[in-house]
Amino acid sequence: MGLPQEQTAAVKSGSGHDATAPVKQIPVPQTPGPGQILVKINWTGLCASDKSLLHDEWAAFGVSMQPSAQGIAGHEGAGEVVAVADDVKEIWKVGDRAGVKWVVSVCRNCEFCTNGTDELHCPKQVNSGFTAAGTFQEYCLTDGRYATRIPDGVSDEEAGPIMCGGVTAYTACKRSAVRPGQWLVIPGAGGGLGHLAVQYAKAMGMRVIAIDGGDAKKKLCKDLGAEEFLDFTQVKDLAGEVTRITKYGAHGVVITAASREGYAAGPSFLRPGGTLVAVGLPKDTDVVAGAPPIMLALKRLNIVGSVTGTLKDVEEALDFTARGLVRPILTKGTLHDIDKFCGLMAEA
């Protein structure tokens with residue numbers, strides 16, 4: 001059977017806070033270009049970054065959706081390969097299952113691509129929903145040499161969120177340099193990124209102190225493997241509680257919440273030599289990840305950033321799900337619900 005001529009897509013309309021993503025009919029690409037595969041998207045996640053791009057929240061940083069994205073956000077897609085360019089038929093065949101990520105393609109020639117660890121910094125990278133049409137459509141073109149093969153034992157609806165949220169949480173845990181048996185604090189632990197970070201950290205042998213608010217978040221975090229839970233609505237001295245639990249402070253902190261409060265408090269949770277990992281991306285330009293220089297120097301703290309993950313990182317992140325160790329908790333909807341869910345994110 002041939003491909004349909006038209007498909008449903010959520011396409012950005014307007015700008016700023018009032019922007020929306022109404023569902024429209026657009027053409028289906030009929031023939032993949034060189035190196036490309038066409039994926040029928042069976043599942044796509046909605047990341048906070050999608051909301052930020054749709055609503056121009058990062059414009060002050062010089063980051064806005066580009067015309068080449070055709071107004072289509074989304075970078076947590078999973079589905080079935082339905083067409084393959086001739087030059088990647090040794091990699092993919094029709095019927096294979098593929099994931100579409102934030103990074104669609106890299107040049108494979110620059111220093112960052114060839115050092116084996118840093119292709120996320122390729123200056124010629126193409127990004128789904130930012131510089132290329134994303135996964136908020138039924139059929140999505142992606143680079144066959146950089147798409148991710150979804151393993152057996154992982155459903156499309158599980159794989160989609162791992163393409164960004166999952167691998168972001170996983171690589172942040174790795175960047176923390178926390179070893180098995182050591183303490184990791186996760187502010188925003190009951191959120192989209194946070195609940196995945198709790199699971200990865202637990203699976204990697206870390207002892208998790210989850211920070212969030214309310215009894216529902218406490219139950220969630222404890223059920224997912226957090227050893228301790230601190231309710232920021234009840235505990236006045238969070239740093240003091242972290243020190244009480246850990247004796248000297250945590251070995252690492254992963255800031256998953258895009259909040260001013262999380263970044264302000266994060267360094268105070270650390271013991272000497274500890275590492276803070278910046279992950280959540282606030283829209284306000286004056287939020288800084290760091291601490292006074294005297295605190296950084298005297299405690300020899302490390303402040304690092306982490307963003308998504310490499311092709312290998314994604315494979316590793318998926319393996320945790322294939323082994324039943326990490327499961328995304330999902331709220332389901334359709335492309336028609338994107339504006340509603342963006343609104344809910346803004347209220348959280």
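**Exercise 1. Pairing in the sheet**

Which residue is the bridge partner of Ile 41 in strand 4? Then place strand 4 in its sheet.

*Solution.* The model is a predicted one.

Step 1. Find Ile 41. Its bridge partner in strand 4 is Gly 79.

Step 2. Look at the pair of strands. Strand 3 covers residues 36-44 and strand 4 covers residues 77-84. The two run antiparallel and are joined by 7 bridges.

Step 3. Move on to strand 5. Strand 4 and strand 5 also run antiparallel, with 4 bridges between them. Here Gly 77 stands opposite Val 100 of strand 5.

Step 4. Continue to strand 9. Strand 5 is joined to strand 9 by 2 bridges, again antiparallel. Ala 98 stands opposite Arg 149 in strand 9.

**Exercise 2. Two helices**

Classify the packing of helix 3 against helix 4, then describe the contact.

*Solution.* Step 1. Take the geometry. Helix 3 (residues 156-175) and helix 4 (residues 192-203) pack at about 50°, and their axes are 8 Å apart.

Step 1. Classify. The two helices are therefore oblique to each other. Their crossing is right-handed.

Step 2. Identify the residues. Helix 3 contributes Ile 162, Gly 165, Gly 166, Thr 168, Ala 169, Tyr 170 and Cys 173. Helix 4 contributes Leu 193, Leu 196, Ala 197, Tyr 200 and Ala 201.

Step 3. Sort them. The contact has 9 nonpolar residues, 3 polar and no charged.

**Exercise 3. The setting of Ala 10**

Is Ala 10 buried or exposed? Describe its surroundings.

*Solution.* Step 1. Locate Ala 10. It is found in strand 1 (residues 6-10).

Step 1. Apply the cut-off. Buried means under 20% relative accessible area. Ala 10 has 1%, so it is buried.

Step 2. List neighbours. Leaving out residues up to four places away in sequence, Ala 10 touches Ala 21, Pro 22, Val 23, Gly 71, Ile 72, Phe 136, Leu 335 and Ile 338.

Step 3. Check a distance. Gly 134 is 124 residues from Ala 10 along the chain, and their C-alpha atoms are separated by 9.8 Å.

Note on methods:
Residues numbered from 1 in each chain as written. Predicted model: local features only at pLDDT ≥ 70, side-chain atom pairs only at ≥ 80, totals over all residues. Heavy atoms only, no water. Axes fitted to C-alpha atoms, helices over the stretch in contact; angles between N-to-C directions. Parallel < 35°, antiparallel > 145°, perpendicular 65-115°, else oblique. Left-handed = near helix turned anticlockwise from the far one by under 90°. Contact = heavy atoms within 4.5 Å. Nonpolar A, V, L, I, M, F, W, Y, C, P; charged D, E, K, R; others polar. Buried < 20%, exposed > 50% of the residue type's maximum accessible area, 1.4 Å probe, protein only. Pairing = 2+ DSSP bridges.
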